[in-house]
Structure formats: structure tokens, C-alpha cells
Amino acid sequence: MSQPDTSKHPALVVETMEAGYEPGLPIVRGACLTVQAGEIVAILGPNGAGKSTLVKAVVGLVPVSSGRTLLFGQDITRLAAHRMVFQGLAFVPQTENVFVNLSIAENLELAAAIVKADRNERLPPVYAMFPDLARQRSLPAGQLSGGQRQMLAVARALITRPRLLVLDEPSAGLSPKLVGLVFDKLREVRASGVTVLLVEQNVKAALALADRAAVLVEGRERLFAPAAELLADERLAALYLGRHTGRQPSGAVH
């Protein structure tokens, strides 16, 4: 059977999603999101807005009670999390995103084994993108700095050759210098043809990185606009601080 053509579809479409950890207690309440192929899109918002819950629902780690999630036109709404990688979606969680007792090389080899790929084919291009990891490939991941560990987590995801890379707060706990290095690497990832969706608390760094950004408040997107426009939009601070400016928030999600 021939595979459907996904080239004309957005990378990701989230349609009026409701999701949460407990039945009847949604954290994400009707959120909508469209990520075009080749974009970097950031999800911003105050603490408790449901940002991480949204992306975890997208990748199959949080139950979805209603709505749909489409990956390049294919419905993945209730696909098991461990099957997502075979659809071209890779997820980098905020914590516990590498195996600390394994070496750098073993972490990457394991990722290749999971997708039944030839490690001799998959590892060289990833090592070329992450030369620091290549130089230290025999080092246990538990001995890496926070920034190096985040680089390894991204490298592990890229071994699976995703079309969409989803990251949950990749800058958490990193110094401003390391945030810059990690985000520079994400620009390289996008340049290689991978679409990127990330949750971020570091608003300025995220808006400097992203093409567009969504601001989530109480489980719904309240703003979704080009990152440069959001950086200058007074409503961004108002939403973070819980104030209202009297202006109607944008509802555009495409």
C-alpha cells in the first residue's frame, strides 16, 4: 500500500484539545495550534498555564479527552507514546532525558537500536553536528554538564530522524551562555529540515529563536503571532501578569 503524501500538510495541527491527568479535570482546555513544516514555534505562558501538559498530550504522555492532533496530516491523537517515533515525532523531556549510566555513544546507539536503524549510518552525521559529543563519546552521560546533557538529549532524538522535534523547556537550569549554545544548535536542527516545537519559560530567548510563538493561559492559546511582533506586544506582559489591557487577544492560530 502506498503511503499518503504528507508534504502539503502542516507539520502539526492541534484542534480544540482537552487533556489532563485526571478524568473530568482538564488542564488543556480547547487549545488550538498549527505548526508549519520548517518552523520553530515556541509555546509560552505563565506557570500553570498548561504548556508542558499540552506538548505531553501531543506526544502521547497525557490522556486526551477531546479534540484531534494531526502530524503531517495523519491523526495521532491517541497513538501510544512509544509509537510516535515511528511516525516521525521525537520528544525531549525537561528531565531524565538521557541514560546517565550509559556513555554518550551508548545513549546514541540505543536510540538507533530502538528504531532498528544501522548505527554506522545514523551516528556519523549526528556526531558531525555535535563535535563535543563525538570527542567525549566514551564519557558516561552522568558526568556531563547541564548544557552537554541537553545536547546529548537532542542528539539522541535526531538519531531517529524525526520530522518534528518537540522539546519541553530545553533551557531549564542552564546559564545564559549555555542557553545560547543550545538554541544555536536548535537553529542548526531546523536548518537540517526538522520542524521544532518547544515549551519555554525564557521568553526573550524563545522569541529570539522562534519564527512564531503561542501564549497559553489557563489551557487555551490567547496569542499566536510572529515572534518579533509578540516581543513588542504589550499584551504579552499583561497575560503573564494576569492583567487585561482592554484589547481583544488575537485568536489566529494559522
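Residues are numbered from 1 along each chain as its sequence is written. In this predicted model, local features need pLDDT of at least 70 and side-chain atom pairs count only at pLDDT 80 or more, while totals for chains, interfaces and linings use all residues, and side-chain values use heavy atoms, with hydrogens and water left out.

The chain contains 9 helices and 10 strands, taken as DSSP runs numbered from the N terminus (helices H or I, at least four residues; strands E, at least two). Its radius of gyration, 18 Å, is close to the 18 Å that the globule rule gives for 254 residues, so the chain is as compact as a globular protein of that length; the radius is taken over C-alpha atoms, and the rule is 2.2 Å times the number of residues to the power 0.38. Buried residues account for 51% of the 254 (buried, under 20% relative accessible area; exposed, over 50%; partly exposed, in between; 1.4 Å probe, protein chains only).

The whole structure holds 9 salt bridges, each a side-chain nitrogen of Lys or Arg within 4 Å of a carboxyl oxygen of Asp or Glu. One of them joins Glu-109 and Arg-119 at 3.4 Å, N to O. This pair links distant parts of the chain, with Glu-109 in helix 2 and Arg-119 in helix 3.

Arg-190 is partly exposed at 24% relative accessibility, as is Asp-211 at 32%.
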